[in-house]
Amino acid sequence: MTRHSPDNSVLWRSWLAFTAIIAIVLVVLTALSILQHNAMLARLVESRLAVVAQSTASSFRPIVNLGLPISAVRNAGEILKRGRELDPQITAIRAFNPSGIIVQSLPQAEGDSVSREILQAQVLADEPHWSLETPNALISGYSIINASGTIVGGIQVEYPVDRYREKSDSVAMRIIKVALVLLAALSLLSWLILRWKLRGAIQGVSAVALIADRLNAGEPFPESQLEGDTTSDPRRGVLRRAIIELESSLQAADRSYRDALEGLGASADEGGQASGATDSSALLHPVAAPESSIARHFSRRLTPWITGVVLLAVLALGQFAYREVGRSLQPELVERTSLIATVANRNIQRAVSSGVPLESLVGAESFFRELLDNFPEISYFGVSTGRIIFESGNRQSSPFAPARARKDVPTFAIHDGERQIGYIIVDTNPAYFALQFRNVLLDLGVVLVVAVLLAFEIMVVMLSLSLTGPFNRLHYLAEMQASGDFSAYLVVRARNVGDRLSQILSARALRLHALYDRAMSRGEARLPAVNPVLDRLASPPRRLQFSYLNDVRLPLFLFAAADELPISFLPIFTRAADNPLAGLDPGLVLSLPLAGYLVAIVLLSPFARPMSERFGHRALFICAVVPAIFAHLGLSVSTTTVEIILYRTLVGASYAIATLTCQDYILTVVRRESRSRALGLFTGTMFGGIFAGTAIGGILADRFGFQVVFVISAVLVLIAGLLILRMLPGRSRQESTPPVLASPGFPPILAPLGNRRFRLLVFGIAIPASVLLQAFISFLVALQLDAIGASAADIGRVLMTYFLAIALISPVAPRLYDQRLRHETIVLAGALISACALAAALWPTYWAMLLAVAGSGVGHALMRDPQVAIAMDIAEEDLAAFGPNAVLGSLRTLERAGSILGLLALALLSSQIGYRATIGVVGIWVLVGAVVFMPGMQAGRRLPKRDSGG
């Protein structure tokens with residue numbers, strides 16, 4: 001008898017998935033840390049150069065304020081020389097006029113004018129200071145502005161890029177090495193955790209492997225190793241019961257097989273397998289997989305450990321990166337602080353040397369305040385003569401801070417001739433690095449949450465592929481054969497013991513068919529006259545094809561995430577593009593990409609199910625993937641609003657087809673009694689992807705740019721398509737003759753509006769709630785936050801709270817109904833909460849917008865599912881002639897149409913009254929809708945409780 005080594009495919013696949021998740025988190029954290037270090041280092045260098053440029057430019061101002069050009073400054077060379085002496089690392093410093101012609105340069109410039117990129121950077125800058133990075137240098141500049149506010153020239157200061165890259169590469173290599181060490185260590189830790197947590201699965205698989213060995217060798221069926229085991233861990237009860245049931249089915253199948261052989265007059269050793277019986281042309285028989293909780297059981301047990309390991313990775317690498325970045329930037333910070341203090345000292349020294357008493361300096365504190373505003377790493381400036389006479393900022397409150405009155409503190413002396421009469425005190429900001437890393441820490445929190453969501457989806461799918469799927473197929477086939485039905489077989493690769501046993505059972509079924517055909521062809525009369533087992537062998541064998549709920553989980557998650565990646569910056573991206581639609585209102589133009597997206601969803605949604613019936617779910621999903629990839633890549637290179645509108649509309653069409661195809665697939669493969677839970681999982685998975693895409697999209701846009709985000713979206717869609725090709729079964733032969741594609745038609749959209757309760761629901765709740773989502777969340781939030789200076793990552797974090805609130809609050813609504821609260825009451829409460837939350841957005845601050853978005857999510861979560869229940873009540877009571885499907889179709893169509901019109905109207909209004917006032921209009925709309933809906937509560941009748949989870 002051939003003995004097989006223990007089947008560890010469950011362990012290996014889970015470990016590879018676990019390691020991949022850890023690697024993704026470490027790669028993202030490493031990239032964020034390196035990018036943040038490089039950005040901080042570049043900013044420090046450029047700002048240090050800006051101090052030199054600003055100080056040099058100020059020396060030209062007295063001449064240009066007289067109306068003379070900078071070429072009239074005779075000592076321009078001496079001014080540039082003094083500026084270059086401030087920082088020996090400067091490679092070049094130049095003064096140029098508004099046309100870019102170089103007036104003076106140290107060292108001598110190779111050309112007569114500065115580059116076009118420098119002039120463009122100067123023109124596009126909103127402030128006098130501007131910067132630019134070229135392949136050879138970091139450039140910082142300062143515009144020379146005369147008394148009338150006109151730019152009459154500029155100062156260009158260059159720093160060698162090689163030194164910057166050498167330092168950044170050194171830090172990057174150290175962080176990458178630590179990340180690799182952490183990956184190896186945490187990968188080993190994950191192996192030990194999985195070995196421990198999956199020991200029940202490994203034990204069960206070993207029991208099945210023994211059965212496979214015995215059956216493959218033709219030996220008697222072995223005794224159960226689990227049925228009498230009373231010492232097994234009760235937490236493994238789910239798998240123990242499944243294995244015991246499987247053993248019982250296999251034992252009965254073995255008896256049925258031997259009885260069938262006896263009826264055919266054959267022995268267990270006799271040959272007779274039909275040639276070509278497993279040909280791919282055999283008739284396919286699609287099967288909805290039986291319900292199983294094994295994958296969910298193990299995924300939930302593993303999720304806390306996944307979270308812990310990912311958190312450990314984030315904390316360990318984050319702490320090292322923080323210390324490494326601080327150590328790298330400290331010398332640059334010291335040099336920059338010294339330079340700032342030197343410039344301030346020169347200005348004060350110039351006034352004192354002109355005969356102005358130190359105590360009589362005018363504007364010293366305002367000068368210091370300006371320096372503090374421009375250089376956040378400085379927390380305090382002061383001038384002391386033994387006592388503080390001028391100061392600005394906050395002194396260090398640490399007990400280790402130097403005593404201010406002592407002259408042995410490192411300072412910058414002020415002299416009157418040969419005599420020191422005072423000194424300048426400069427304090428660095430001890431929280432500067434923490435402030436710079438605040439956004440990175442927030443980003444890491446977002447990455448952690450997204451990683452856990454992705455980890456859960458991956459673990460469910462991996463366990464389904466390596467454990468649940470093979471066992472479900474085997475159990476189904478074993479139960480068929482246990483009942484004496486050998487009419488079907490499976491074609492699977494023997495990657496694990498479950499599939500190996502399925503191969504054995506399939507070979508037995510095919511062998512019985514071959515023996516039956518041979519007996520009939522020989523005209524043998526020894527077959528029993530009536531035998532149900534043998535009667536089923538008269539028809540050709542069917543090839544089973546299984547479908548699972550988990551087949552579409554990960555593709556749906558990735559597709560939804562890809563769709564939502566640009567939501568935090570799409571209106572801003574549209575505003576920055578060239579606008580050929582100059583005749584349209586600017587606010588209206590900004591809303592057109594989103595409006596086109598929604599129109600595509602409305603128009604294509606009715607066609608999704610008929611097309612899936614005609615072409616099959618896998619083919620239709622791939623048909624959605626191809627244009628989605630094209631559209632995302634097109635968005636990455638779009639330069640005009642027309643291109644953005646067209647590509648975003650194509651994205652909406654693809655999204656509608658892909659998501660509804662997944663929904664239809666789920667409704668097809670799950671049993672009727674499990675549809676409510678399956679649709680709940682569908683909604684949870686889709687919202688998980690939406691949440692992940694919204695959260696991570698802003699971070700990616702902040703670090704890599706808008707165009708890269710669209711490319712990443714295309715890659716995620718491509719991965720989703722490849723997963724669909726791998727996991728979804730193809731069309732069966734019995735489906736090969738497509739049905740005539742009937743016109744999908746539209747439900748009687750307007751007819752249900754004749755009912756008063758339905759009108760109140762549509763116009764009082766459904767449309768205002770949809771406008772809240774599309775106009776406020778998807779459009780106005782990004783524009784308002786951008787107007788107050790928030791980054792794309794900040795916008796993404798704010799929008800994330802909306803979907804987080806929905807995920808947390810949505811399960812509460814059914815419980816409230818169970819506590820005798822009517823659906824109408826819950827919906828009304830949600831509308832009032834949303835309206836009150838939007839009032840917070842009237843204060844134009846980051847935290848006020850965060851409160852408004854999160855509160856809107858709470859309110860929308862309370863409105864979303866109960867309004868469907870109300871519509872079902874109306875359909876069953878007042879609109880029974882139409883039926884629930886027509887009423888719900890009318891509700892969704894009117895809701896989406898109303899949201900599109902509302903979006904366009906509010907976008908048009910926003911260009912007239914501003915974003916903040918428009919948000920107030922949305923709040924009033926929601927509040928008025930709730931007031932309109934109140935009479936509907938009186939008309940609503942209390943119905944018997946039903947399960948509202950679907």
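The exercises below, each with a worked solution, concern a predicted model of a protein chain.

**Exercise 1. The chain as a whole**

Find how many helices and strands the protein chain has, and what share of its residues count as buried.

Solution. Begin with the secondary structure: the protein chain holds 26 helices and 12 strands. Next take burial: 54% of the 950 residues count as buried. Last, look at contacts between residues with a separation of 6 or more: 79% of these in the protein chain join residues 24 or more positions apart.

**Exercise 2. Helices H14 and H17**

Describe how H14 and H17 pack, giving the angle and the distance between their axes.

Solution. Two packed helices are described by the angle between their axes and the distance between the axes. Helix H14 spans residues 586-604, and its axis lies 7 Å from that of H17, at an angle of about 30°. Because of this angle, H14 is roughly parallel to H17. The H14 side of the contact includes Val-589, Leu-592 and Pro-593, while the H17 side includes Thr-641, Ile-644 and Ile-645. Sorted by class, the residues of the contact of H14 with H17 are 14 nonpolar, four polar and one charged. As for handedness, H14 and H17 make a right-handed crossing.

**Exercise 3. Helices H23 and H24**

Work out how H23 and H24 are oriented to each other, and which hand their crossing has.

Solution. Take the geometry first: the axes of helix H23 (residues 823-839) and helix H24 (residues 846-877) cross at roughly 155° and come within 7 Å. That angle is over 145 degrees, so H23 is roughly antiparallel to H24. The crossing of H23 and H24 is left-handed. By class, 14 nonpolar, eight polar and two charged residues take part in the contact of H23 with H24.

**Exercise 4. The nonpolar cores**

Name the residues of the largest nonpolar core that touch the most other members.

Solution. The largest nonpolar core has 164 residues, and within it Phe-758 and Phe-776 touch the most other members. Helix H20 (residues 756-787) gives the most to this core, namely 19 residues. For Phe-758, leave aside neighbours within four places in sequence; its contacts then include Pro-752, Leu-753, Ile-874 and Leu-879. Another core lies apart from this one; it has 56 residues, including Val-52, Ile-93, Val-383 and Ile-421.

**Exercise 5. Two local sites**

Solution. Thr-893 sits in helix H25, residues 884-913. Along the chain, Thr-893 is 288 residues from Ser-605, yet the C-alpha atoms of the two are separated by 9.6 Å. Pro-107 is found in the loop between strand E2 (102-106) and helix H3 (116-124).

Definitions and conventions
Residues numbered from 1 in each chain as written. Predicted model: local features only at pLDDT ≥ 70, side-chain atom pairs only at ≥ 80, totals over all residues. Heavy atoms only, no water. Axes fitted to C-alpha atoms, helices over the stretch in contact; angles between N-to-C directions. Helix = DSSP H or I, 4+ residues; strand = E, 2+ residues; numbered from the N terminus. Parallel < 35°, antiparallel > 145°, perpendicular 65-115°, else oblique. Left-handed = near helix turned anticlockwise from the far one by under 90°. Contact = heavy atoms within 4.5 Å. Nonpolar A, V, L, I, M, F, W, Y, C, P; charged D, E, K, R; others polar. Core = buried A, V, L, I, M, F, W, Y, C linked by side-chain atoms within 4.5 Å. Buried < 20%, exposed > 50% of the residue type's maximum accessible area, 1.4 Å probe, protein only.
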